[in-house]
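Trainee: Before I rely on the labels attached to this model, could we go through them one at a time and set each value against its rule?

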Amino acid sequence: QLQNQLRDKPFCLDVDMDFFSTQNPFKDLLGKYFNPIHELFKFRENLNSPKECLEYRSLQLECLRYFCEQKAIPSSQSHLINSEFYQTHCRESISDIIEVLEGAKRSIEDDEHVSDIFVIGQQTELPHHISSEQEIAEMMGMLKEALKGLKVSPLTITLARSVYDEYSPPESMNFIQESLLNLLRTVYPDITDKKCNFLYGK
């Protein structure tokens, strides 16, 4: 069906290299504080309805914002103090929560890109799987067969990677990039070096 949709129509093939290997940069940034921060901020789905999930999440983040910014929840915020999240996860362990948050803040204080532990805490559920070269090669093989099966060529090809923000593991990006370019040249032999340009960021 996709082949029929693309036949005789110009289209762009966009490949995100993070598909082959990706990392959550905050794992290294937070170090030993990553798991406790993740546990504090993680989204809890075991509720009765989407509405309950959203209400719980909203109160959870309100509580954590106060802890991050003021180290305490004002007594005037009774709706937070009475919330299920506070009563279940905070009431008996406030000092431990503050210790974790302050330690995490110290771990990121020299990083030029991030400074807000409240924002970072919400990013701890980002995917993290650094693939081996064998895994990457296997995925390249599946992509190659899929592209060959389409039997149509794109008008242009774009490649994307996330090196600057470190979602792309730097130790594997060159291997992924070269493997991908070789694959594309094999599937689309009309692609030449003169037509292949790559914008290198930091």
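**Labels and their rules**

Mentor: Helices here are DSSP runs of H or I with at least four residues, strands are runs of E with at least two, and both are numbered from the N terminus. This is a predicted model, in which local features need pLDDT of at least 70 and side-chain atom pairs count only at pLDDT 80 or more, while totals for chains, interfaces and linings use all residues. Residues are numbered from 1 along each chain as its sequence is written, and side-chain values use heavy atoms, with hydrogens and water left out.

Trainee: What makes E102 and K105 a salt bridge?

Mentor: The term requires a side-chain nitrogen of Lys or Arg within 4 Å of a carboxyl oxygen of Asp or Glu. The closest N and O atoms of E102 and K105 are 3.2 Å apart, and the pair therefore qualifies. Salt bridges with shared partners also join K71, E102 and K105 into one network.

Trainee: Why is K105 called partly exposed?

Mentor: Buried means under 20% relative accessible area, exposed means over 50%, and partly exposed is in between, with a 1.4 Å probe and protein chains only. K105 has 25% relative accessibility, so it counts as partly exposed. E102, by contrast, is listed among the buried residues of α7, as are I97 and G103.

Trainee: How do you know that the length of α7 agrees with its number of residues?

Mentor: The expected span is 1.5 Å times one less than the number of residues. For the 15 residues of α7 (residues 94-108) this gives 21 Å, and because the end C-alpha atoms are 21 Å apart, the two agree.

Trainee: Which other salt bridges can we test against the rule?

Mentor: The search of the whole structure finds five. One of them joins R65 and E69, with the closest N and O atoms 3.3 Å apart. These two residues are four apart in helix α4, which means that about one helical turn separates them. R65 is partly exposed at 39%, whereas E69, at 52%, is exposed. Another joins E92 and R91 at 2.9 Å, N to O; here E92 counts as exposed at 65% and R91 as partly exposed at 44%.

Trainee: Why is the pair of Y56 and F85 called edge-to-face?

Mentor: Rings of Phe, Tyr and Trp (its six-membered ring) pair if their centres lie within 6.5 Å, and planes under 30 degrees apart count as stacked, over 60 as edge-to-face and the rest as tilted. By this rule there are four aromatic pairs. In the pair of Y56 and F85 the centres are 6.2 Å apart and the planes stand at 85 degrees, so the label is edge-to-face. The pair links distant parts of the chain, as Y56 is in helix α4 and F85 in helix α6, 29 residues apart.

Trainee: Are Y56 and F85 buried or exposed?

Mentor: Y56 has a relative accessible area of 9% and is therefore buried, and F85 is buried as well, at 1%.

Trainee: What makes T124 a buried residue?

Mentor: Its relative accessible area is 4%, so it is buried, and its place is in the loop between α8 and α9 (133-150).
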